Amino acid sequence: MNCIAPPSGSGFLAATLAHLDCQAQNIGEAGYQALASPGSPLSLALTALLAIFVAVIGLRYLTNRPLAVDEWVSGALKVGLVLALAASWPTYRTVVYDLVLKGPAEISGSIGRAAALPGSDGGLVTRLQGLDTGIMTLVEAGSGRLDFASRRPIGEIAPPLADDTTLGWGKIVFISSIVGGLGLLRIGGGIFLALAPMFAGLVLFQGTRFLFFGWLRALIAIAIGSIGIALILGVQLALMEPWLAQVLALRTARVATLSAPFELLALTLSFSLAMIGLFIFALRIAFASTAITKVQVVIERAAQSLQQEAAAWRPFAADAPAHQAEQTRAQEIAQSMRQALNLDRQSAAGQDSRGTVLSRAAVAGSAGIESKSNQTIPPLGRSYPAPTRRLGNQSLKRKSTS
């Protein structure tokens with residue numbers, strides 16, 4: 001489709017918007033068909049991704065991990081979604097393309113007709129061109145500040161801004177805000193629609209799925225922004241058309257409108273800022289779920305790490321002092337028993353009349369206990385053999401007689 005370049009002068013705004021809309025449709029449709037054609041590199045990459053996805057399923061069966069029923073359904077839906085978005089232009093045009101490029105106009109038109117906004121019947125661009133023509137008429141007529149034949153209203157004071165500067169900037173802001181806002185949404189929508197074959201294959205795998213959902217959220221933001229900006233332009237027409245008609249009527253009656261240039265700049269600048277703010281809100285709405293999910297994941301991971309650290313360190317922190325205390329008491333008891341045993345053996349060795357032999361045995365036994373040797377201590381009273389008993393004469397006689 002050949003897009004006609006906008007002419008200079010009268011009809012510039014309407015022709016520029018028509019040219020932007022034509023370029024957006026060309027980018028979206030021709031770009032999609034170029035990327036989805038069978039011989040394109042992107043089509044080959046998409047085929048490779050589908051082959052990898054099927055191979056992963058086959059490997060799971062080879063490793064005795066078959067798919068469950070819900071996994072089968074999920075896999076079939078993923079493959080069907082990829083083929084619908086990247087390999088079928090009629091399906092894609094009905095489901096996505098027309099919904100993003102044409103759906104917002106229908107929705108904003110329904111809302112505008114219910115709210116009685118100008119341009120909601122499909123003539124928004126025509127009404128905007130009419131308002132631009134009226135602004136240009138006001139720029140030519142001026143506010144009447146330097147026209148001595150114009151009558152000034154009583155009590156009206158001219159703002160400290162020159163008419164040429166204020167009226168010129170008012171018209172510039174009006175044209176640039178409309179062309180920039182609608183151009184951003186239309187051209188951006190066409191670009192993202194053309195990139196559908198590239199993002200469609202990323203839905204197959206968990207690691208790349210966030211890119212697909214980011215592309216989808218961008219389209220949602222563009223659709224919401226298009227609806228909002230169309231409604232804002234309807235409100236701008238409802239406000240500025242009667243105001244401009246009144247100002248031009250006063251200038252035709254040779255009445256000075258000293259505040260009109262300042263009011264024009266204030267109105268156009270305010271509505272341009274409203275368009276920017278609305279598009280930012282559309283982005284926030286489209287990507288709000290991602291931000292909330294990320295915050296929830298961060299909070300859950302932080303809580304899990306704290307619980308794991310607490311579970312890992314709490315037993316050591318609680319049991320270590322008690323364990324050390326029990327070990328210390330056991331060592332103290334063993335040491336005291338060892339010292340008491342040594343003292344008893346030393347005292348027994350000093351009181352024995354047999355002296356040094358028993359003392360040496362006690363000391364050797366004590367040393368054997370401390371060194372954990374295999375030597376044993378003889379029982380008390382059996383360290384020496386029993387003494388031989390002497391027999392008297394009477395005993396010998398008794399033995400002999402017997």
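Predicted model: local features only at pLDDT ≥ 70, side-chain atom pairs only at ≥ 80, totals over all residues.
Residues are numbered from 1 along each chain as its sequence is written, and side-chain values use heavy atoms, without hydrogens or water. Local features need pLDDT of at least 70 and side-chain atom pairs count only at pLDDT 80 or more, whereas totals for chains, interfaces and linings use all residues.

Helices are DSSP runs of H or I, at least four residues, numbered from the N terminus. Helix 1 covers residues 12-36. Buried residues (under 20% relative accessible area, 1.4 Å probe, protein chains only) of helix 1 include Leu13, Leu17, Cys22 and Tyr32. The buried residues of helix 1 pack against helices 3, 4, 6, 7 and 8, with contact meaning heavy atoms within 4.5 Å.

The model holds 1 disulfide, a pair of cysteine sulfur atoms within 2.5 Å. Cys3 and Cys22 form it, with sulfur atoms 2.0 Å apart. Cys3 lies in the segment before helix 1 and Cys22 in helix 1, 19 residues apart. The link is left-handed, at -85 degrees about the S-S bond. Cys22 is buried at 9% relative accessible area. Cys3, at 22%, is partly exposed (between the buried cut-off of 20% and the exposed cut-off of 50%).

Ile178 sits in helix 7, residues 163-194. Ile178 is buried, at 0% relative accessibility. Its contacts, beyond residues up to four places away in sequence, are Leu13, Leu17, Leu128, Gly183 and Leu233. The C-alpha atoms of Ile178 and Phe271 are 9.5 Å apart, across 93 residues of chain.

Key
Helix = DSSP H or I, 4+ residues; strand = E, 2+ residues; numbered from the N terminus. Expected span 1.5 Å × (residues − 1).
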